[in-house]
Amino acid sequence: MDLATVWFIAIAVLWTGYFILEGFDFGVGILLPVLGRRDVDRRVMINAIGPIWDGNEVWVITAGGAMFAAFPAWYATAFSGFYLPLLLILLALIVRGVAFEYRGKGDTDRWRAWWDRAIFWGSALPAFLWGLVFANIVRGMPVDGDEILRAGVIDLLNPYALLGGLTTLSLFILHGALFLTLKTGQPVRSRARTAALRTACVAVPAGAVFLVWTQLAHGKTWTWPVVAVAAAALVAGVALALRGSEGRSFACTAATIGLASVTLFGSLFPAVLPSTLDPAFDLTVANASSAPYTLTVMSWVAAVFLPVVMGYQAWSYWVFRKRVTREHIEPVPAYGGGDGQDQAPAPAE
Amino acid sequence: MEALDLARWQFGITTVYHFLFVPLTIGLSVIVASLQTAWYRTGRHEYLRATKFFGKLFLINFAMGVVTGIVQEFQFGMNWSEYSRFVGDVFGAPLAMEALLAFFLESTFIGLWIFGWDRLPRGVHLACIWLAAIGTNLSAYFILAANAWMRHPVGFTVNPENGRTELTSIGAVLANPQAWSTFLHVVSAAFITAGLFVAAVSAFKLWRARRHGDTGEKGVEPPAGDHELFRKTLRAGMVVTLLAGIVVVYSGDHQAKLAAEYEPMKLAAAEAHWETEEGAPFSTFAVGDTDSGVNTIDITIPRVLSFLATGTIDGTVQGMNDLQEQYEQEYAEYGDVDYIPNVFIMYWSFRLMIGFGLFGVAVSALGLWLTRKRRLPRTRWFYYAAVAALPAALTANILGWVLTEMGRQPWTVHGQLLTAHSVSPGVSLGQVALSLTVFTLIYGVLAVVEAGLLWRYVKGGPSHVVPEPEEGEDTGDVPAFVY
């Protein structure tokens, strides 16, 4: 296997990790106004992802950096070509990140309501748009002979890509709801279970149709079993959620998202951005990649540090493994007109 | 108006804005970690209160640095696709390393620090803030190595087949003299800024307490420990600034010498130095005609520029007119290009950077003298100066980047790629105008929100964040920060 292919796989791994990890914290953000009827419940939800969302988000920064380094042409063409969706994603990630940090630092309902909106839209937009963008990449875009992608908004909004967006949106909500069943106390926990089952009514058909469509239109022979297992994991996840098996159902949606991502990248290979104008204009693993020396250097860096990163991220998940409950987040008398929330005890062991 | 112009404005605005927060993150992470170390070692409650108080201000600032940083990475691909295509092989590597080695470290351990107060053993928890601080400073190295490469490209060749750069030595890119020299300069400037932040907040609190005898509301006694706490942090902030000031001067001098060697046009523009000269004088005030390339008024100190640029008083310093001629011949394939950056901006940003930056260092030196042996000045001007030094330092940081980036023009990669050839060909004027508008608006709103929060937490003081312990109470049970 040549180094460019190795790096295609590495970038697929980074995006897949991103979708699995940030997928659930997007889901939690989207469910915030639905499940968090009282402020204390919204805080339970936010604190359940509080220590880890930032680390999850670095996966996308690393994926972007790796594309830049390993496939400059792919990075350049795709990032400039998907200008508007990426602009929206950036705005969403900005307000969302600030919202998590700032929401608890004011003390009026209006203040918190604004940040709640920021968290909702900041989660919902990327959850939909990443699906839209990646479906369009797999479907192919009007890339010309100079490797320039000139597409209007209309080009992005085809049925396949819209279904892709709906699939990531609904899968992430389902994934986030199951995360909440696993990580929060009552009443959020049971509400999240109900929400998961309701979301499944959209996520299962959308996911199944999108996967099969991807397979039929763009898939390889070897992606058939991947699609089958992804669909099976999705159904199993819902069934386990019905039975109240929280950890396993969450593992199943993680597997579904991971395998769906594998399906997309597998269908793409060996192209990285197919052209709808002329197959000769396709950006491929071979023509978009960096030279072997850069790829070798990057391989060593990734081989040494990616396991280290995964190790300490896993440890941080372990440290914050306990459920967050209402009791952990009690209203505390305010100090001198300030917000008393900072004095609230943390979700303790 | 072209997409190119707006893309440059957007890069300028988003980068300058990002860099309001970054220096504070770089310096405050280490200062907060040091305060927590002091608490860990002595067990004294005031250090814990200082850690939590400045830690809160640090986090308010940190969030802004993180979210505005994502824009920077995406922006290369979105607005500067031809640049990205040309340099990705070389420039992408330090960026990817930054994410993998530094950002993961920073963001994972900051999460552990924020939420881990009562869940981790104290030593482990302390290690978390140090790891976050290391990640932050490490990220500065990688991004500055990438930036240094644009000014002094090393360790690469241009592939004649596809016209892209190719990396030949990662060691050369990471050990680029411009990289480590810039790193020292930027990081020491960051410590000046963060030291002044701590000093300014402390001075403000001490002044308020002196005037009102309280921490914000008239008639309420301030917690007894506050005075002592802020006296200490005032001095600590000033010590950090003073030490960093020494490094900033040393590295700044080194930067000038490197510029003379690798970017002579930048140095000449920063000095409004038109003709090549031996024993060149340092200009202190100049008014010139940039079209005809002469200064009409120029008040100078003889031979000082030669000394600063070359280390000898009669060394040769190249002038802009000669460099323009030289570049026109050397890069004839680009046609008629003006290789002289905006001299007015270069000249004044250079001087104001030095002035604003050293103002804070001088205030700190003076402040340390005035506060020796537990003294505190009574005069109001001292407190005003300490507070004013912070915006001055932030301005100096920005002017430093204006100098660096505008001084590299018309190149994105010196001698290799013109800015005019770097922009995304497929992105329309309307798209860039839209993104420039929304970024500017949202950044403006967030600036107001952030400033408001900082103000609120500074006014609230340490008691707002962590209560005074009751008599005999164990101070070890520390409540965590919770969203």
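Residues are numbered from 1 along each chain as its sequence is written, while chains are lettered from A and ligands numbered from 1 in the order in which they are written. Because the model is predicted, local features need pLDDT of at least 70 and side-chain atom pairs count only at pLDDT 80 or more, whereas totals for chains, interfaces and linings use all residues; side-chain values use heavy atoms, with hydrogens and water left out.

The model scores ipTM 0.90 and pTM 0.91. Within chain B, confidence is highest in helix α4 (residues 122–151), at a mean of 95, and lowest in helix α14 (residues 462–465), at 79. Over residues 472–477 of chain B, pLDDT stays under 50, and the model has seven contacts for this stretch beyond four places in sequence, a contact being heavy atoms within 4.5 Å.

Helices (H or I, at least four residues) and strands (E, at least two) were taken as DSSP runs, numbered from the N terminus. On this basis chain A comprises 13 helices and two strands, and chain B has 14 helices and eight strands. Along the principal axes, the C-alpha atoms fill a box of roughly 65 × 40 × 40 Å in chain A and of roughly 80 × 50 × 40 Å in chain B.

Buried residues (under 20% relative accessible area, 1.4 Å probe, protein chains only) make up 64% of chain A and 61% of chain B. Among contacts in chain A between residues at least 6 apart in sequence, 78% join residues at least 24 apart; the corresponding share in chain B is 79%.

Chain A exposes about 12,200 Å², of which carbon and sulfur atoms supply 70%, while chain B has an accessible surface of about 18,200 Å², with 63% belonging to these elements; the areas come from the Shrake-Rupley method with a 1.4 Å probe. With Lys and Arg counted as positive and Asp and Glu as negative, chain A carries 24 positive and 23 negative side chains, the centres of the two sets lying 12 Å apart, and chain B carries 32 positive and 42 negative side chains, with centres 18 Å apart.

Technical notes
pLDDT is the predictor's confidence in each residue, from 0 to 100. Buried means under 20% relative accessible area, exposed over 50%, partly exposed in between (1.4 Å probe, protein chains only). The place of a charge is taken as NZ of Lys, CZ of Arg, CG of Asp or CD of Glu.
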